[in-house]
Amino acid sequence: MSEIVVSSRVRLARNYEDLPFRNKITKEQSEECVRRTLEALRPLPQPYTFLPLKGMEANEKKALVEAHLISPDLMEHEETAAALIRDDEKISVLMNEEDHLRIQGFTLGENLNDAAECAFSIDDALQEQLSFAFDPQWGYLTACPTNAGTGLRASVMLHLPMLTAQKQMGKVNQIAAKLGLTLRGIYGEGSEAQGNLYQLSNQVTLGKTEKEIIDAVAATARQMAEMERIYRHKAEDKDAVAFEDQLFRSYGLLTNARRMPIKEFMAHWSNLRLGAALGKLPVSLKTCDALLTAAQPAHVQKAAGTALNDKDLDAYRSELIRNALV
Amino acid sequence: MLCEECGKNQAEVLMTTVVNGQSATRHLCRECLKKYQAGDLQALLAAILSTMAGKLQETDEETPDIICPKCGETYAEFQKTGMLGCAECYQAFRKELAPVITRVQGRSQHAGRRPPVSEEEQARQTKMEELRSLMEAAVAEENFEEAARLRDELRAMTPAREAKA
């Protein structure tokens with residue numbers, strides 16, 4: 001499965017019963033939200049890092065977004081927003097986002113259950129000591145009613161290069177929509193999904209149990225992965241040389257180019273991962289996936305250590321890529 | 001004209017939504033139209049709220065706005081932003097929110113995880129169940145005086161929130 005499902009994520013939206021939501025909360029109440037969360041989570045066994053957004057360097061924040069450890073929305077409230085991130089990056093607790101808390105569990109590959117267990121462990125630890133806003137009819141209450149109920153969003157990142165190339169994404173989207181799920185490009189704006197990476201997630205949060213939601217997303221992801229697999233085989237059967245040629249050309253560029261803009265990287269990265277998944281290129285899936293994050297703009301900037309202009313950034317990115325692959 | 005959703009791009013399409021037999025039209029750019037087509041709940045919520053706000057204006061312009069007693073958020077504010085001010089807003093706007101939530105989520109009753117029940121709360125619930133069965137027994141025996149006394153005792157034990165629900 002991991003040759004198609006890159007990662008799995010589960011997030012829970014929670015709000016403290018006695019504090020107003022984002023639109024009405026004061027600065028002091030936001031600080032109280034952070035204080036009590038940290039206090040309640042202090043006895044957790046594994047090491048965590050606490051990151052208040054205020055005063056953090058802009059590039060550092062962007063790098064956290066690129067690594068999916070914080071949400072772009074959290075950056076909009078940087079005066080009071082903070083994140084608590086477990087050092088293995090499998091759990092992050094965002095504070096003062098759209099809701100008081102967004103608890104995220106993360107795993108590599110297809111393992112929504114594991115991601116959910118991570119998120120539930122934090123939810124349980126907090127609820128032992130603190131009260132969340134809850135209504136017997138509408139479940140956990142959230143700032144926007146579209147998240148009320150379980151407050152749970154389960155999502156998987158899918159790599160679907162052949163379904164995209166064969167113009168099957170419209171059909172795939174329909175499958176998702178019928179089941180109350182959505183499919184979106186992760187990188188890039190608008191219709192074009194850079195890297196052929198998509199995020200499949202549930203929309204409805206009320207009236208279904210956590211398990212039902214997770215099972216629906218997992219089952220649909222498996223179905224899409226199977227479709228992708230069929231199209232991969234079809235493409236190879238049709239013209240194996242053309243298929244391999246496409247993969248090796250990207251590999252050649254990534255291992256030789258001296259300047260690699262992000263958009264171009266994303267296109268070749270997709271072929272690199274496809275080649276790795278099929279065992280055709282001398283690179284592991286793990287290296288591919290690590291490179292995806294490492295080559296994003298804020299990560300390259302961070303690795304360089306000094307502020308780079310766009311041209312130098314592209315040059316430095318190509319160096320990072322070569323070092324990772326050769 | 002500019003897109004009524006993002007206010008940035010040029011509107012190119014006219015989208016009609018029908019909610020409870022009431023239709024509303026909005027001018028949208030292609031990007032925002034895509035959001036609706038992808039089944040974005042937040043976009044759906046905005047469409048429902050704007051339709052309902054329009055309906056409210058047509059039928060009764062004098063409708064007084066509802067205000068949450070805890071945070072001061074008005075229902076009109078919610079219609080504009082799609083965001084509630086605090087947990088108490090869900091109680092204050094309960095009647096208005098119920099059809100909106102059912103329409104957006106497709107369901108109206110939570111299933112799944114719940115907050116842990118404290119020992120105190122457990123004791124309260126056990127006591128209430130006892131009183132309820134005593135009350136039913138009293139009614140069966142046509143001892144209405146006792147039944148009324150038990151009913152009042154039960155009422156006194158019911159938290160305000162549950163009573164409203």
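Predicted model: local features only at pLDDT ≥ 70, side-chain atom pairs only at ≥ 80, totals over all residues.
Student: What percentage of the residues of chain B count as buried?

Tutor: A residue is called buried when its relative accessible area is under 20%. The accessible surface of chain B is about 10000 Å², and carbon and sulfur atoms hold 51% of that surface. Of the 165 residues in chain B, the buried share is 33%.

Student: How much of the contacts in chain B with a separation of 6 or more comes from residues 24 or more positions apart?

Tutor: The count takes in contacts in chain B with a separation of 6 or more. Within that set, residues 24 or more positions apart account for 40%.

Student: How many residues of chain A are in contact with chain B, and what area is buried between the two chains?

Tutor: On one side, 40 residues of chain B take part, and they are in contact with 43 residues of chain A. Carbon and sulfur atoms give 55% of the area buried between the chains. That buried area is about 3700 Å².

Student: Which residues of chain B lose the most area to chain A?

Tutor: Three residues lead on this side, and together they make up 21% of what the chain B side buries. They are Tyr90(B), Gln105(B) and Arg113(B).

Student: How many residue pairs are in polar contact across the interface of chain B and chain A, and which element of chain B gives the most residues to it?

Tutor: The rule finds 19 residue pairs in polar contact across the interface, both residues being at pLDDT 80 or more. The elements of chain B with two or more residues on the side that touches chain A are α1 (30–37), α2 (41–59), α3 (75–81), α4 (89–92) and α5 (94–105). With 6 residues, the element that gives the most is α5(B).

Student: How many nonpolar, polar and charged residues are on the side of chain B that touches chain A?

Tutor: The residues on that side of chain B are sorted by class. The classes come to 17 nonpolar, 12 polar and 11 charged residues.

Student: How many salt bridges are there between chain B and chain A?

Tutor: Side chains of opposite charge can pair when their charged atoms come close. One such pair is Asp135(A) with Arg94(B), whose closest N and O atoms are 3.0 Å apart. Over all chains the count is 32 salt bridges, and between chain B and chain A it is 4.

Student: Is Arg273(A) buried or exposed?

Tutor: Arg273(A) sits in helix α9 (residues 262–277) of chain A. Leaving out residues up to four places away in sequence, Arg273(A) touches residues that include Ser2(A), His159(A), Leu285(A) and Asp289(A). Because its relative accessibility is 1%, Arg273(A) counts as buried.

Student: Which side chain makes a polar contact with the side chain of Arg36(A)?

Tutor: Arg36(A) lies in helix α1 (residues 27–41) of chain A and is buried, with a relative accessible area of 12%. Apart from neighbours within four places in sequence, Arg36(A) is in contact with Tyr16(A), Asp18(A), Leu19(A) and Leu130(A). The polar contact, at 2.9 Å, is with the side chain of Glu32(A).

Student: Are Glu97(A) and Arg102(A) buried or exposed?

Tutor: The side chains of Glu97(A) and Arg102(A) meet in a salt bridge (3.3 Å, N to O). Glu97(A) and Arg102(A) are each buried.

Student: Which residues are joined into one network by salt bridges that share partners?

Tutor: One salt bridge in chain B pairs Arg151(B) with Asp152(B), at 3.3 Å between the closest N and O atoms. Salt bridges that share partners form one network, which joins Arg14(A), Asp123(A), Asp124(A) and Arg113(B).

Notes: Residues numbered from 1 in each chain as written. Chains lettered and ligands numbered in written order. Heavy atoms only, no water. Contact = heavy atoms within 4.5 Å. Buried area = accessible area lost by both parts, 1.4 Å probe. Polar contact = N/O pair within 3.5 Å; in protein donor to acceptor, adjacent residues only side chain to side chain. Helix = DSSP H or I, 4+ residues; strand = E, 2+ residues; numbered from the N terminus. Nonpolar A, V, L, I, M, F, W, Y, C, P; charged D, E, K, R; others polar. Buried < 20%, exposed > 50% of the residue type's maximum accessible area, 1.4 Å probe, protein only. Areas by Shrake-Rupley, 256 points an atom, 1.4 Å probe, with all protein chains shown as cover.
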